[in-house]
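Good morning, and thank you for coming. Please turn to the structure on the screen, and let us go through it part by part.

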Amino acid sequence: MFTSKKFTGVKAMCAAAIGVAALVTGAPSPSFAQQANEQFVSVLSFRVGPYGPAGVGIFGGFIDYMNYVNVKEGGVGGVKLSWEECETEYAAARGVECYERLKTKSPTKGTMIHPVSTPITYALLDKTLADKVPIVQTGYGRTDTVDGRYFPWAFPLITTYPMQATAIVKFLSQKEKGDLRGKKIAYLYLDSAYGKEPITYLQAEAKVNGFELTTIPITPPGTEQGAQWQQIRQSQADYVIFWGFGVMNASAMRAAQKVGFARDKIIGSWWAGSEEDTVPAGDAAKGYMSAAMNVSGKTPLIADIEKTLYGANPTGNMQDKSKIGGINYNRGVVIGLITVEAIRVAQAKYGKKVMDGEQIRWALEHLDLSDARLKALNATGLMPTMKTSCADHEGSGKIKVQQWDGTKWALVSDWIEGNRQLVRPLLEQSAIDYGKSKGITPRDCAKES
Amino acid sequence: MQFFLEVLIGGLLSGVMYSLVALGFVLIYKASGVFNFAQGAMVYFAALSFVGILAKGVPFGLALILALGIMILFGVVTERFVLRPLVNQPPISLFMATIGLAFFLEGLGPFLWGNDSHEIRLGIPDEPLPYFLDKYNIAISTFDLAAAAIAGVLVAGLALFFQKTKIGRALRAVADDHQAALSIGIPLQVIWMIVWGVAGFVALVAGLLWGARNGVQLALVAVVLKALPVLILGGFTSVPGAIVGGLIIGSTEKLAEIYIGPLVGGGLESWFPYVLALAFLLVRPEGLFGEKHIDRV
Amino acid sequence: MLYREAGQFKTSYAADQQLLPIRQDRIAFFTLLAVVFVIVPLFVSDYWFSALLIPILIFSLAAIGLNILTGYAGQLSLGSAAFMAVGAFSAYNIVLRMPWLPQIVSFLLAGVCAALVGIAFGLPSVRIKGFYLAVATLAAQFFVVWALQKFPWFTNNSSSGVISAQGVTFFGFPIDSPVRNYVFVLCIVTVLALCAKNMARSNTGRQWMAVRDMDVAAEVIGIPLMRTKLQAFAISSFYCGVAGALYAYCYIGTVEPEAFSLDMSFRVLFMIIVGGMGTIMGAFIGATFFTVLPIFLSILIPGIASLFNFNFDKASLTYIEFMIFGALIIFFLIVEPHGLARLWQIGKEKLRIWPFPH
């Protein structure tokens, strides 16, 4: 019935269209003459897919902060910020393609890359090293990159998963008046790189503190958690440390409610502690706690951003203004803040012009976001203090614990630092092993300025 | 013992949820021989449309009717523009077309209604029944029991529809032999539209229950991967098979996760139902209640 | 007028059975090889290599593998990504534990490992057919990905489960830049594609096609069913395994089980459906189509939207891309069920009698 004759014209057009498409796609990008005076930042974003809701907030905040700096101060040192987004769908292959495409758009090669995704980070680590572009992993990514002697171009800023896990243990210990002996803690985690990373450190903490640790994995995407929570109930765990991501967060709270496990005994990681996780769970989320490396709410900086960008002539990036001030939006603002601060520090040393990769890298190793500096940036309390160096690419290691009260996140602790004595030697050993396998000689931090 | 019962009952109840999705598959496969991989996307799209309409301030009952209307409209459009042009193609082409349809729905849903996770409040609490909890220390969720009851009503309703009404008999005739049905005057295309409409209704019910259980989000599409082993066990063409298969898969999956899981490090749930179904197929290639396939040379 | 075969007669069996019996075909093929091996590496930018050409070649290889299994032998399989994962991890472990082997041999051995896994999961095909077999191959997909994540031996006890692939060397010559990766992958893909084409033309290929068309009849005339089906699984998994190893080493640079998810299996299946099932060229066309299309849409849709002053936000534009993607698949299935390769064949037939209409 539908022989080739009937659709011949259509088919010919298809063939022609495909040829044109191939040519258009690979066409060289426009020259970067127009961006000669602008600091171009690549934004590898994800706004669709299972992690999309978080991404909308994070990248909205990031872009809004850069826009805010442009509007309020005319850029950094007179150099305006420009950016372009590319959708990665949280997939490594798309991330690589986006990185390569945006790299060609400016001599800055994107200034610094924030993949906000562990798989994309791993895929880009070697490429950013070869291209001399700093890659920043705020609270995710490859943990042993804290040792800048082996990883000069990778920066896991603010803090890492092991530090977060040990900080949560510290918080629980504080809750139990310093004595965790005999307690049962269940570690419920997404069965992926992100989830498996803290296990060794938690096991070490269990030995030191005397609590019993059970580890229970959840296969991605993790919408079915009935069996896992029944196990937790059966084991009569006192606390649950929850390392989830995406849709499984809301499912966890619901599953806990289904078996009658009190939510105020559950502490999640910062990727399991945003409004996108608790609001869909409704009543089941009340009492749930999570770690946070930035706070939520309309702190002075956020309020000012909202006033500037969403006032009379809205130029803000967020379609849904109710998300402004949410955890993910604020996280994006913090990412933007770090980016801009790095450019500022670089310009202080190298002059007020467009900065290149090497200069930004130097700046990322000399960040000093002290209390005074945070106050000057109007960001007191939004993020912890942070000081990086050649050997320490992390800079902070502190989190706060917050609790969902049904409508918003309320802080229940101050900044808690993770167990650096436990974590750092293990990470350094991992970096040394990496160096051996790749034949890298470590830098000598004392020799560099 | 108490824990075993708790896991078993929890598994059976979650198995009923899987059967709900498998029902949609069975309906479409029975009537038109199409393996509708888009069933998961239909569940997601139905639930998303419902919460989207609800969010605009429409009352619950009206939103339900509107969502049902959208699903029926979708069924009609699919039959007209996707199935009819592919009428004599090999089954794999139709299967691929449904995968394309799934992609399309996964784009259309968030495009119309946004990508945020939504809650569905059906008014049924998702907490352990106090009676069982206090007396036997078994946690059985009220919601799961209610969902099982709703699924039971749905299956009974479908069984009545197929056995007692004229359209139901026409559907069974079409499922048996297209040519014969055509020759006695049954309008094939109208029947297919009705089937896709009914499948859309089943998708809506499944979407509401799954959405109330887990929230309405893109991951809902993955329920289709849970329904496939159910279909294998029960047979592609049998409604009671979908229920029985669901019960078996649900319970064995949870029991395996708890009892075999710790031996191998956990995380069995992704593949255990499939391996079980595979083992079952080696013994009975058409499933428990499926039609025997006769090869003619 | 240009594509005339008249006057080209063969005087030996060897000449008659050659892969490209028509002189114009030979010229076109060798020109293509020259362009692809010589001109492209000299004149094309890094972005083209890393984002377009290398993935097209790698997925073509995987698509050839799946085409052998589904297109030629008729066994529907949804587990190709699992075999790619086996190939990637085997390659990693072989290179790690036997570093004295030349890497190219390691990649081929990785393919052999994938073939063994393929035979294991192909055993059900002896009893099961059609969609049931497709669902059974899903068991392979999920089990393999789980096993690779669960047992630390595969990832060399890495705490995170993601491992960076070691650098690639060809007998001591380092393959580190995009150009070198491209030429390396191109050589492997060309050789393996030629092997596949010859296999399809030979007795093996005819046995597969007999099994595909009606396996009961094939058994009646004496084709050993189990051996043929398992052979198809083995060779198909070999190709997918080598493709997986190349994916990890020459494209992404990391080896992670989650990358080889069900989505990738579906992508490869789409490639052969749209490209043309049962043809080797269809694999290449399908791989090109599906690699170029998302990028092309992500450039085109915002362009059109701004032209018509539709102000969609970024996420909506991506959703429109998904919808167009799904619609295009359905469109191609309706318009040309035999795939784009058939369009090419029709074109060649028209060329033979051009400029006459018939």
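In which helix of chain B does G69(B) lie? G69(B) belongs to helix α3 of chain B, residues 60-83. Helices (H or I, at least four residues) and strands (E, at least two) are DSSP runs, numbered from the N terminus. The model is predicted: local features need pLDDT of at least 70, side-chain atom pairs count only at pLDDT 80 or more, and totals for chains, interfaces and linings use all residues. Residues are numbered from 1 along each chain as its sequence is written, while chains are lettered from A and ligands numbered from 1 in the order in which they are written.

Why is G69(B) called partly exposed? Because 13 other C-beta atoms lie within 10 Å, and a residue is buried at 20 or more such atoms, exposed at 12 or fewer, and partly exposed in between, with C-beta atoms placed from the backbone. Between the C-alpha atoms of G69(B) and T237(B), 168 residues apart along the chain, the separation is 26 Å.

Let us turn to chain B and chain C. Their contact takes 36 residues from chain B and 34 residues from chain C; two residues are in contact if their C-beta atoms, placed from the backbone, lie within 7 Å. On the side of chain B that touches chain C, α4 (91-113), α10 (223-234) and α13 (272-283) each supply at least two residues. The most comes from α4(B), with 14 residues.

Finally, chain A. Strands β1 (residues 38-45) and β2 (residues 80-87) of chain A pair in the parallel sense over eight bridges; strands pair if DSSP finds at least two bridges between them. E38(A) has K80(A) in β2(A) as its bridge partner.
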